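This report walks through helix packing, the ligand shell and some backbone details. Keep the structure open while reading.

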Amino acid sequence: LSAKAIESDAVVKPVSGLGSLATTSSSLPTPEDGSEPNRTLVVGGQGNYLHLADGRKILDACGGAAVACLGHGVKEVSDAILSQVATISYVPWGFLDSQSRRDLSKWLSQTSDGHFKKAWITSSGSEAMEGAIKLAHEYFVWTGEPQRVNFIAREESYHGITLGALSMGGHLVRRGPFESLLFSGVYRIPACNAYRQKLPEETDEEFVSRKAEELEQAFIQAGPDTVAAFVAEPVVGAANGCVPPSPGYFKAMKAVCDKYGALLVLDEVMCGMGRTGSLHAWEQEGVIPDIQAIGKGLGGGYVPVSAILASGKIVRAMEAKNATFTHGHTYMDHPVVCAAALRVQQIIQRDNLIDSVRSQGQYLEKLLRNKLLDHSNVGDVRGRGLFWGLEFVQNKATKEPFDPELQIARRIHETALSDPYNMALYFGQGCAGHAKGDHIMVMPAYNVTREVIDTIVDKLAAVVDDVFGKLEKKDID
Ligand code: PMP
């Protein structure tokens with residue numbers, strides 16, 4: 001598994017004949033200059049565009065992995081970073097504090113109506129999930145149930161790349177070589193994927209109660225009083241391409257967790273912080289998590305930042321024991337990171353960008369459905385807010401996926417990135433529970449305009465025609 005496969009979901013094999021990336025074999029850089037094959041040099045960026053060393057401007061339709069929520073080059077954020085560096089650049093988290101950490105923690109608590117009482121500011125989504133898992137277990141140490149060492153998590157999910165987080169995830173490709181190192185105490189249940197799983201005659205209620213029954217059975221199999229938490233992404237991201245839950249799903253799952261005294265840990269690293277049209281994705285589900293991980297949209301890519309958020313229930317248990325969370329990293333609560341994240345969040349709030357996510361998201365959805373859903377190889381268009389995925393199938397009626405050897409999602413990504421399209425899309429392939437799925441994800445910045453959305457969808461439709469046209473003519477390798 002190469003670094004590139006980890007970054008963008010696919011088992012990477014070179015796809016030739018598409019003339020896609022700027023670095024072709026004739027221009028492969030030598031390792032001595034620090035460069036790597038197939039990683040095109042970006043020299044700048046502004047708004048929705050990335051500027052390449054070869055002079056091309058790439059329309060960023062995905063913000064990396066849903067990271068660049070404000071777009072590129074926002075001076076107010078770089079000013080906040082510079083000002084914090086000039087004030088104090090590093091404060092050890094164990095016994096000293098910074099004002100920027102206090103301000104960000106207060107902001108995270110206030111914007112959840114006081115539900116989250118404490119935030120540990122970390123650097124990556126994996127770190128936040130690793131901490132969230134440990135916190136779930138330590139909560140039970142504090143409350144006298146240390147035997148709760150097991151977790152229930154889902155197929156077609158991704159929770160991070162470090163061992164604990166990887167153990168929670170059902171991302172088969174990324175788990176691959178490490179399978180024997182991962183936790184044995186993770187009980188796996190199917191995802192909630194209506195396109196793939198809901199029977200034609202089934203109502204939403206029936207489908208959701210089937211899902212709740214799967215969770216119930218996992219509790220029984222694990223031994224209900226051994227389970228610390230059910231772990232899930234409210235809207236599935238990298239593992240399967242923006243799959244929202246069916247109506248009532250999280251309420252039903254939370255009821256099962258409550259029945260057995262287990263916690264609900266939500267991973268909003270990708271779908272959170274406004275991406276789906278509410279600050280937290282769970283606000284649309286009628287449930288509140290006990291512990292949550294956030295990441296990408298928290299800092300918009302300006303700094304590496306994520307956070308573990310704990311509800312009052314967790315913090316009260318900790319305080320009752322006069323304990324602290326047995327966890328920490330050198331760069332936890334970093335003042336520069338906190339200052340940058342706070343400024344990103346203040347801009348989102350000031351410019352009403354979550355309202356824009358909702359309205360522009362509706363526009364994006366309409367265009368994607370109108371211009372792509374009729375294509376004979378587009379099986380599903382799904383998502384929420386500015387978080388949209390397209391799943392490609394060989395046969396629309398049977399939903400039969402493509403042969404993974406064809407690397408359809410990767411071809412679409414590479415064709416989009418090439419001239420004349422010059423557009424960045426996120427793609428995933430061969431990683432999900434139905435191991436052959438091909439999907440791409442469209443996740444523009446929250447301040448994207450309708451004109452840019454028009455361009456994204458027009459380009460995407462042209463790329464899809466281009467790739468499947470070549471496939472039909474067998475004009476591919
Ligand atoms: N959880 C989810 C839902 C994610 O999408 C990701 C990253 N794609 C992670 C955790 C891990 O975050 P990171 O790559 O920042 O470690």
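Helix α15 packs on helix α16 (residues 450-472) at an angle of about 120°, and the two axes are 9 Å apart. That angle makes α15 oblique to α16. Their crossing is right-handed. On the α15 side, the contact uses R411, I412, T415 and A416. On the α16 side, K459, V463, V464, D466 and V467 take part. By class, this contact has 5 nonpolar residues, 1 polar residue and 3 charged residues. The model is a predicted one.

**Two further helix pairs**

Start with helix α3 (residues 75-87) and helix α13 (residues 335-350). Their axes come within 8 Å and cross at roughly 150°. An angle over 145 degrees counts as roughly antiparallel. α3 and α13 are therefore roughly antiparallel to each other. This crossing is right-handed. From α3, the contact draws on E76, V77, A80, I81, Q84 and V85. From α13 come P335, V336, A339, A340, R343, V344 and I347. The contact of α3 with α13 divides into 10 nonpolar, 1 polar and 2 charged residues.

Now take helix α5 (residues 125-142) and helix α12 (residues 312-320). Here the axes come within 9 Å, and the crossing angle is roughly 45°. α5 and α12 are therefore oblique to each other. α5 passes α12 in a left-handed crossing. L135, Y139 and W142 of α5 meet I314, A317 and M318 of α12. The class count for this contact is 6 nonpolar residues, with no polar and no charged ones.

| Helix pair | Crossing angle | Axis distance |
|---|---|---|
| α15 and α16 | about 120° | 9 Å |
| α3 and α13 | roughly 150° | within 8 Å |
| α5 and α12 | roughly 45° | within 9 Å |

**Around the ligand**

Helix α5 also matters for the next topic: which element gives the most to the shell around the ligand? It is α5, with 3 residues. There are 16 residues around the ligand, and S124, G125, S126, V269 and M270 come nearest. By class, the shell holds 7 nonpolar, 7 polar and 2 charged residues.

**Backbone details**

E156 sits in the loop between β5 (150-154) and α6 (163-168). Is E156 buried or exposed? E156 has 26 C-beta neighbours inside 10 Å, so E156 counts as buried. The cut-off for a buried residue is 20 or more.

C242 lies in the loop between β7 (227-232) and α10 (249-259). C242 has 31 C-beta neighbours inside 10 Å, so C242 counts as buried too.

One more backbone feature deserves a look. Where does P420 lie? P420 is in the loop between α15 (408-417) and β13 (423-424). The peptide bond from D419 to P420 is cis, and its omega is near 5°.

Note on methods
Residues numbered from 1 in each chain as written. Predicted model: local features only at pLDDT ≥ 70, side-chain atom pairs only at ≥ 80, totals over all residues. Axes fitted to C-alpha atoms, helices over the stretch in contact; angles between N-to-C directions. Helix = DSSP H or I, 4+ residues; strand = E, 2+ residues; numbered from the N terminus. Parallel < 35°, antiparallel > 145°, perpendicular 65-115°, else oblique. Left-handed = near helix turned anticlockwise from the far one by under 90°. Contact = placed C-beta atoms within 7 Å. Nonpolar A, V, L, I, M, F, W, Y, C, P; charged D, E, K, R; others polar. Near = placed C-beta within 6 Å. Buried ≥ 20, exposed ≤ 12 C-beta atoms within 10 Å, placed from the backbone.
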